[in-house]
Amino acid sequence: MNLTRLATWITVFALSAATALAGEKTVLHCFAFTPVETATQAEWDAFYKASDALPGKIPGLKRVWYGKLNRPLPQNALQFPDAEAGKKMRAEKKGTANFTITERKNGACMEFDSLSAYQAYGAHAAHKDWEAAYSKVRVAGTTTYQIVPE
């Protein structure tokens with residue numbers, strides 16, 4: 001086979017693979033979180049192990065990715081002196097509050113076969129076990145989103 005023919009086959013294969021992936025109908029559940037600064041290596045290892053085990057335990061969960069974010073995501077929040085002050089400020093669009101920024105430095109994504117598989121995973125016993133490990137390495141609160149097929 002000559003080089004031109006080989007290059008043509010490689011190009012066709014690459015384009016076919018890209019086209020096949022573009023039509024993927026899976027659901028991605030992704031979240032960014034703020035790590036607990038005092039989490040131990042053992043707690044992180046337990047989180048990694050629990051995350052790696054999820055695809056074998058939860059039906060329809062294909063893959064899990066986790067790691068540090070390339071660039072932290074700022075999470076902005078207003079803290080009001082009390083509930084009444086918060087209500088008043090929202091209504092009148094003026095008042096006094098403290099402004100804080102929390103950085104989400106880590107993240108994870110889970111790929112599901114379908115929307116129904118994603119919707120069912122939260123009630124699964126393995127998810128509850130995973131949450132126990134996850135809660136030890138993250139500050140409460142996450143920035144969460146899902147990417148669903150159109």
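Biologist: Which residue in β3 is the bridge partner of His29?

Modeller: In β3, His29 is partnered by Met110. This is a predicted model: local features need pLDDT of at least 70, side-chain atom pairs count only at pLDDT 80 or more, and totals for chains, interfaces and linings use all residues. Residues are numbered from 1 along each chain as its sequence is written, and side-chain values use heavy atoms, with hydrogens and water left out.

Biologist: How do you know that β1 and β3 pair, and in which sense?

Modeller: Strands are DSSP runs of E, at least two residues, and helices are runs of H or I, at least four, both numbered from the N terminus. Two strands pair if DSSP finds at least two bridges between them. β1 and β3 have 7 bridges, so they pair. The sense is antiparallel.

Biologist: How many bridges join β2 to β3?

Modeller: There are 14, and the two strands run antiparallel.

Biologist: What is the strand order of the open sheet?

Modeller: The order is β2-β3-β1-β4, 4 strands with antiparallel pairing.

Biologist: How do you know that the span of α2 agrees with its number of residues?

Modeller: The expected span is 1.5 Å times one less than the number of residues. For the 17 residues of α2 (41-57) that gives 24 Å, and the end C-alpha atoms are 24 Å apart, so the two agree.

Biologist: Which residues of α2 are buried?

Modeller: Buried means under 20% relative accessible area, exposed over 50%, and partly exposed in between (1.4 Å probe, protein chains only). Trp44, Phe47, Ala50, Ser51 and Leu54 are buried. Their arc, taken from the directions between helix axis and C-beta atoms, is within 125°, so they line one face of α2. The face turned away carries the exposed Gln41, Ala42, Lys49, Gly56 and Lys57.

Biologist: What covers the buried residues of α2?

Modeller: The cover includes β1 (27-35), β2 (61-79), β3 (98-112) and α5 (125-134). Contact means heavy atoms within 4.5 Å. α2 lies across β1, β2 and β3, at about 125° to β2. α5 packs on the sheet too, touching β1, β3 and β4, and makes about 25° with β1.

Biologist: What makes one face of α5 the buried one?

Modeller: Ala126, His127, Trp130, Ala133 and Tyr134 are buried. They fall within an arc of 115°, so they line one face of α5. On the other side, Ala125 and Asp129 are exposed.

Biologist: How many aromatic pairs are found in the whole structure?

Modeller: The search finds 16. One of them joins Phe33 and Phe47, with centres 6.1 Å apart and planes at 70°.

Biologist: Why is the Phe33 and Phe47 pair called edge-to-face?

Modeller: Rings of Phe, Tyr and Trp (its six-membered ring) pair if their centres lie within 6.5 Å; planes under 30 degrees apart are stacked, over 60 edge-to-face, the rest tilted. At 6.1 Å and 70°, the rings therefore pair edge-to-face. Both residues are buried.

Key: Axes fitted to C-alpha atoms, helices over the stretch in contact; angles between N-to-C directions.
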